[in-house]
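I opened the notebook to check a few backbone and sheet details. The structure goes in here before my entries.

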Amino acid sequence: MITGYNTDVRHNEVVFHVQTEDKGLANPFIESLIYVGGQVLASRRSGYSEMLAEGKDEKDIIAVMDHQHRTMIAAIRHGKFDAKVQSLLAGKQTGPMVPPPAPPDTDTGTIARGPLPLASPSGSTVGAVGAVTPPGALPAPGALPPMLPMGSMGPMGMPTPPTRPLPPPMPVLPPLPPPSPSSRERTLDQVILEYLTNEADQEQLVLLLEEHENLALGQEAKLALRTRSSKSGMPIVGTQVSVRMISTVSDPVVLALGRTDDDGLAVLSFGIPTIGRGTAALIISAAGSIGRAELKHLL
């Protein structure tokens, strides 16, 4: 069983936990799960039994795991699960409705009994004992507030207060501009996630070393290389492949050149020279319509 991946992704203030793991050779599946708040939001399973039947090894399975994990992260960043998250969070917040607390009762106080105040010609009011209250002053204790000036007659024959003009509407302020990118310092995890997301969005060339024989100094070697798309898994036809040897004691030398066939396969045979001292390595390169890929093998 291959060690899996675990990544936390923050999107729209929600933390998504992405987990991808290999179920093992007895159950050849790669499973990716997305958790939000401890609950499974989405899952994806892909089998690799056909890859095992074709003789693919652990590094090929790891490449599929890596691509599936990055694809799930990219789907989160592009909002593919936003509707599911809103539904999940709405279900958690649903509960019995609690009525809001009633506003406190207004204390109207008590009104002292006595004769009604009379309005004087000057606009003052005459209190219960005949004292004149100047305009704007408080009435004497035990007396009713000043009478309102007469206006139009309302329901039940009661006078209505004079109509006052409505205050002008509050001005509508423009929305605040979003903070500039320079004002937000990103963490290393955010930078890595953005890089993985961009990588998952782009189609890349995958170079696989399927078979090899006699990869050693002074030997007649043979390589079987296969190229395919990182997104669709389809073979990339006509990809140019090359094998170079580099060493610490001589200049690089090209040992073999070729192109992939309709199945994305290229078989190269070549001789590896000897060197008296130092160390050497093979650089296996592929260049096609969707990019470049490279493998290294220490001799």
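Is E13 exposed or buried? I looked it up: E13 is exposed, at 68% relative accessibility. My cut-offs are under 20% relative accessible area for buried, over 50% for exposed and partly exposed in between, with a 1.4 Å probe and protein chains only.

I note that this is a predicted model, where local features need pLDDT of at least 70, side-chain atom pairs count only at pLDDT 80 or more, and totals for chains, interfaces and linings use all residues. Residues are numbered from 1 along each chain as its sequence is written, and side-chain values use heavy atoms, without hydrogens and water.

Entry on phi. Most residues other than glycine have a negative phi. E13 is not a glycine, yet its phi is positive, about 65 degrees. I find E13 in the loop between β1 (5-11) and β2 (14-22). Strands here are DSSP runs of E, at least two residues, numbered from the N terminus.

N214 also is not a glycine and has a positive phi, about 55 degrees. I place N214 in the loop between β8 (205-213) and β9 (220-229). N214 is partly exposed, at 43% relative accessible area.

Entry on the sheet. I traced 4 strands in an open, antiparallel sheet, in the order β11-β10-β13-β14. Two strands pair if DSSP finds at least two bridges between them. β11 (253-259) and β14 (291-298) are the edge strands, each pairing on one side only. Neighbouring strands of this sheet are turned by 15 degrees on average, direction ignored. Those angles run from 0 to 180 degrees between N-to-C directions, with axes fitted to C-alpha atoms.

I then followed β13 (residues 280-288): 8 bridges join this strand to β14, antiparallel. A287 stands opposite R292 in β14.
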